[in-house]
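Take a look at the sequence and the structure.

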Amino acid sequence: INAEYGGDPHIVGAHGQRFDFYGEPNAIYTLFSAPQFVVNMRLLSHGPKDRYIDVLFVHFRNVTLRFDTGSYHLSKMQARLNKQLAGVDDARVVVGDCQLRVELCDGHRIVVEQRVDTDTIDGKQQQLYHLDVKIDVPGCHNDFGGVLGETYRCDGVFQWTRSREEQFRVRTGRDVSKDSKFSPKSKCHDNAKEFGGRAAISGNTGKHTI
């Protein structure tokens, strides 16, 4: 099953759901949430046409990893992020195919890649650097949430209206805060118990395939 998020932006969910997400300029929204990690995205300052992601926050255990277009140098970012993850079990960042891959618990993976597109801003064509993200999980789960994450649920009751956008917004000051429920010693899921018999699923956040 594949899910996509991007374009104006357009979202294609893990079970074939299709809808547009516009958002507000420079606002932060929860893209994906799970009992053990959260992925938040910040949108570019202009839009709604082609309002891409320019910053991504990944909260895992007691660590917040930040990916942004302003400092996207693969080897340097890998070193910085792995330094943050030192002492955190079940997590590491690796580089491959011009991507940064965040390996979390077994079967949970976040792949981040920088892209560039051309758009017209104030009457001038400009290059826009933005992030695409792919999220892999061992299977559907009804604890998943977020703009994209809700499409990974097993119950199949997902419905979208634009009026729902605000419920996923992360208020200023909370984008890099530590969530008290994420302990540095928390255990990963028992995948056989939580996802046994389900097919692994993944989704990505852009016009391009990661």
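Phe32 has 0% relative accessibility, so Phe32 counts as buried. Buried means under 20% relative accessible area, with exposed over 50% and partly exposed in between (1.4 Å probe, protein chains only). Phe37 is buried as well, at 2%. This is a predicted model: local features need pLDDT of at least 70, side-chain atom pairs count only at pLDDT 80 or more, and totals for chains, interfaces and linings use all residues. Residues are numbered from 1 along each chain as its sequence is written, and side-chain values use heavy atoms, without hydrogens and water.

How many aromatic pairs does the structure hold? There are eight. Rings of Phe, Tyr and Trp (its six-membered ring) pair if their centres lie within 6.5 Å; planes under 30 degrees apart count as stacked, over 60 as edge-to-face and the rest as tilted. Phe32 and Phe37 are stacked, at 5.6 Å centre to centre and 5 degrees between the planes. Phe144 and Tyr152 are edge-to-face, because their planes stand at 90 degrees, with the ring centres 6.3 Å apart. Phe144 is buried at 1%, and Tyr152 at 0%. Ring pairs also link Phe21, Tyr29, Phe158, Trp160 and Phe168 into a cluster.

Now the core. A nonpolar core is a set of buried Ala, Val, Leu, Ile, Met, Phe, Trp, Tyr and Cys residues joined through side-chain atoms within 4.5 Å. The largest one has 47 residues. Leu56, Phe67, Ile110 and Ile135 have the most contacts inside it.

The Arg61 side chain reaches the backbone oxygen of Asp89 at 3.2 Å.

Notes: A polar contact is a pair of N or O atoms within 3.5 Å; within protein, one must be able to donate a hydrogen and the other to accept it, and residues adjacent in sequence count only if both atoms are side-chain atoms.
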